[in-house]
Amino acid sequence: MEKRVTFSRWTIGILFAVPQLLLIFTFFYWPAGQAVYWSLTLQQPWGGGNIWVGLDNFRSILSNADYWHSITASLVFAGISTGLAMFIALVLAALTDRQLAGSWLYRVVLIWPYGIAAPALALAFRFILAPEAGFMAVVNQVWPGFWDPGLDGTDAMTSIIIAFSWKYVGYNFIFFLAAFQAIPRSLIEAAAMDGSGVIRRFWDIQFPLITPTIFFLLVINITESFQDSFGIVDIMTAGGPANATNLMVYKIYSDGFKGLDYSGAAAQSIILMILIVALTVVQFRFIERRVHYR
Amino acid sequence: MVERTPFLNFFTHLILFAGFIFCVAPFAIVAIAASHNLRDVNDVPMSLLPGSDFWVNIKTAWVTADLGPKLLNSFIMAFGVAAGKVIVSALTAFSIVYFRYPGRMLIFWLIFITLMLPLEVRIVPTYAVVANVLEPYQTILDLTGISWLIEKVSGVQVSLSLGLLNSYSGLILPLVATATGTFLYRQFFLTVPDELTEAARMDGAGPLRFFIDVLLPLSRNNMAALGTIMFLWAWNQYLWPLLITTDQSHAMAVTELKQLIPNVGGAPEWHIAMAGTLIIMLPPLFVVVLMQRWFVRGLIATEK
């Protein structure tokens with residue numbers, strides 16, 4: 001869509017765009033280019049600039065079992081937490097949309113989790129799921145040694161999945177509810193007149209009409225699970241135990257800023273960017289076909 | 001409500017109530033744990049009746065993590081990011097919607113691409129840029145030979161350097177450098193009727209006048225929505241402040257949470273940790289509750 005009426009003095013127009021262009025050049029394009037450069041070079045230990053090493057950084061990362069482990073952990077985390085957060089939010093939004101008495105309360109409260117900073121909710125869940133105090137301790141009293149995120153990798157992964165899903169239930173709920181409310185009431189009423197029940201109406205009318213939202217949330221949730229997980233991992237598990245929760249962004253951070261391996265971290269960043277873009281493309285290619293746009 | 005379905009309604013209430021508990025329980029547990037003393041908080045199971053030490057714990061957490069200045073820093077940063085986004089995005093959107101200049105589509109795409117790769121994945125090089133923000137320009141001058149030229153002509157060696165580590169600008173500017181708000185404004189500006197522009201031009205208003213007196217007042221709702229979600233987003237940033245602020249005087253509230261985790265082997269001071277968590281959780285929660293309309297609207301409008 002284009003404007004019919006515009007202003008002719010376009011020097012002023014360009015001036016308006018200058019602040020943002022300067023910002024994205026300095027803090028986006030330059031660093032992104034720098035990441036590519038670093039990933040292809042190696043910093044010499046005694047200064048003297050970087051030497052060109054081609055794809056060696058990528059080779060050494062991709063032949064490292066720890067790195068593959070980190071990719072697997074990230075994908076498992078992304079898959080399970082996205083599935084959980086979307087399913088719970090979808091059910092809650094569909095039921096809130098039935099507008100029974102008191103649904104205003106759910107409309108208000110169910111979005112709260114999204115406002116909370118990931119590290120803050122991570123600390124809260126670290127306490128709630130702590131093996132020696134809090135609530136899982138009760139379970140541990142009944143079955144000693146049942147739950148210990150500090151020692152057991154699966155338990156640690158479960159903890160960060162719970163914390164992340166909790167936050168994104170709030171986020172997904174906002175979008176699902178908005179999508180449900182955008183469906184014309186008359187459509188639902190007409191179907192009810194024709195004798196279809198609540199469940200039938202959900203599958204045949206509401207669900208197909210919100211598939212664009214489901215698709216959109218799928219893309220966003222998976223992307224966010226790679227980024228927003230950093231605070232949760234850092235506070236709850238610090239990548240442990242035994243690297244079980246060393247997700248990709250956390251590994252970039254610890255290799256780059258704790259291990260001071262800029263070249264390796266830059267190469268990992270490039271791989272992560274490619275992975276995110278590839279996941280998005282795959283979703284557009286294979287899942288979007290099943291989406292009904294109006 | 002279209003028909004009577006008592007059985008299903010019962011289940012609806014049941015599941016929704018379970019969802020309600022699921023969302024509220026963590027807040028409640030944090031608040032209750034923050035009111036216990038050291039012994040009660042480590043009781044298994046912890047008593048769900050609030051203890052009496054709430055204010056003592058809040059005070060201890062406040063002092064231990066030095067939250068006063070940290071919260072102030074968080075506010076400054078969050079306001080800075082929100083204001084920066086609201087202003088810079090409006091300017092850019094005005095430029096790409098209301099003018100026809102060569103390269104306009106290029107600018108549009110340059111900005112659009114920034115949506116793909118958030119700060120977290122390009123964190124290492126961005127950090128290097130912030131350590132000296134003028135480095136890109138220095139490199140360009142060196143590569144194009146301009147600095148050599150300047151040195152020949154004036155005898156001055158060009159070395160641009162401006163470090164932004166441990167500064168508010170270093171915290172704020174990289175977070176402003178994304179496209180989120182630009183598209184919100186663009187979509188809105190496209191819906192503003194052309195007749196308004198025509199009328200303004202007929203009355204002799206130039207682009208600047210039109211922007212300030214017509215377009216900005218019309219965008220008030222969008223500004224509130226964008227400001228709200230950007231404030232929350234900036235307040236909740238963790239990785240970036242963690243890297244940029246090595247010096248305590250610029251540390252953020254959210255990064256202080258790490259100081260509150262009970263040490264292994266030390267006393268498990270969960271009551272203090274939870275009191276600190278509660279303090280840090282509350283400002284964004286207030287914003288969500290008070291600004292709910294703008295928050296929901298902003299989220300839905302910016303992401304589409």
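Predicted model: local features only at pLDDT ≥ 70, side-chain atom pairs only at ≥ 80, totals over all residues.
The predictor assigns the complex an ipTM of 0.82 and a pTM of 0.85. For chain B the mean pLDDT is 82, with 95% of its residues at 70 or more. Among the elements of that chain, confidence is highest in helix 4 (residues 67–98), whose mean pLDDT is 90, and lowest in helix 17 (residues 292–303), whose mean is 73.

Chain A contains 13 helices and two strands. Its radius of gyration is 24 Å, well over the 19 Å given by the globule rule for 294 residues, so chain A is more spread out than a compact globule. Along the principal axes, the C-alpha atoms of chain A fill a box of roughly 80 × 75 × 30 Å. Of the 294 residues in chain A, 44% are buried. Among contacts in chain A with a separation of 6 or more, 69% are between residues 24 or more positions apart.

Chain B has 17 helices and zero strands. Its radius of gyration is 25 Å, whereas a compact globule of 304 residues would have a value near 19 Å. The box filled by the C-alpha atoms of chain B, again along the principal axes, is roughly 75 × 65 × 30 Å. Buried residues account for 42% of the 304 residues in chain B. Of the contacts in chain B between residues at least 6 apart in sequence, 75% link residues at least 24 apart.

The domain assignment divides chain B into domain 1 (18–115 + 178–303) and domain 2 (117–165). The centres of these two domains, taken over C-alpha atoms, are separated by 31 Å. Contact between the domains involves five residues of domain 1 and six residues of domain 2. On the domain 1 side, the residues that touch domain 2 comprise four nonpolar, one polar and no charged.

The interface between the chains brings 89 residues of chain B into contact with 85 residues of chain A. On the chain B side, helix 1 (residues 6–33) gives the most, with 14 residues. The composition of this side of chain B is 66 nonpolar, 15 polar and eight charged residues.

Helix 6 (residues 118–128) of chain A is mostly covered, and 11 of its 11 residues are buried. The buried residues include A:Ala118, A:Pro119, A:Leu121, A:Phe125, A:Arg126 and A:Ile128. The cover comes from both chains: it includes helix 8 (153–181) and helix 11 (229–236) of chain A, along with helix 1, helix 15 (257–260) and helix 16 (270–290) of chain B. Within helix 6 of chain A, A:Ala120 is one of the buried residues. Leaving aside residues up to four places away in sequence, A:Ala120 touches B:Val254, B:Leu257, B:Thr277, B:Ile280 and B:Met281.

A:Ala120 also belongs to the largest nonpolar core, which has 165 residues. Together with A:Ala89, A:Phe127, A:Ile160, A:Phe173 and A:Phe176, it is among the residues with the most contacts inside that core. Helix 8 of chain A provides the largest share of the core, 17 residues. Domain 1 and domain 2 of chain B each supply at least three residues to this core.

Helix 6 (residues 123–131) of chain B has as its buried residues B:Ile123, B:Val124, B:Pro125, B:Thr126, B:Val129 and B:Val130. These residues pack against elements of both chains. In chain A, the partners are helix 1 (10–39), helix 12 (248–258) and helix 13 (262–287). In chain B, the partners are helix 7 (135–144), helix 9 (168–176) and helix 14 (239–244).

Most residues other than glycine have a negative phi. A:Ala242, although not a glycine, has a positive phi of about 50°, and A:Asn243 likewise has a positive phi, near 65°. A:Ala242 lies in the loop between helix 11 and helix 12 of chain A, and A:Asn243 is placed in the loop between helix 11 and helix 12 of chain A. A:Ala242 counts as exposed because it has 12 C-beta neighbours inside 10 Å. A:Asn243 has 17 C-beta neighbours inside 10 Å and therefore counts as partly exposed.

Notes. Residues numbered from 1 in each chain as written. Chains lettered and ligands numbered in written order. Contact = placed C-beta atoms within 7 Å. Helix = DSSP H or I, 4+ residues; strand = E, 2+ residues; numbered from the N terminus. Nonpolar A, V, L, I, M, F, W, Y, C, P; charged D, E, K, R; others polar. Domains from an automatic or database assignment. Buried ≥ 20, exposed ≤ 12 C-beta atoms within 10 Å, placed from the backbone. Core = buried A, V, L, I, M, F, W, Y, C linked by C-beta atoms within 7 Å. pLDDT = per-residue confidence, 0-100. Rg over C-alpha atoms; globule rule 2.2 N^0.38 Å.
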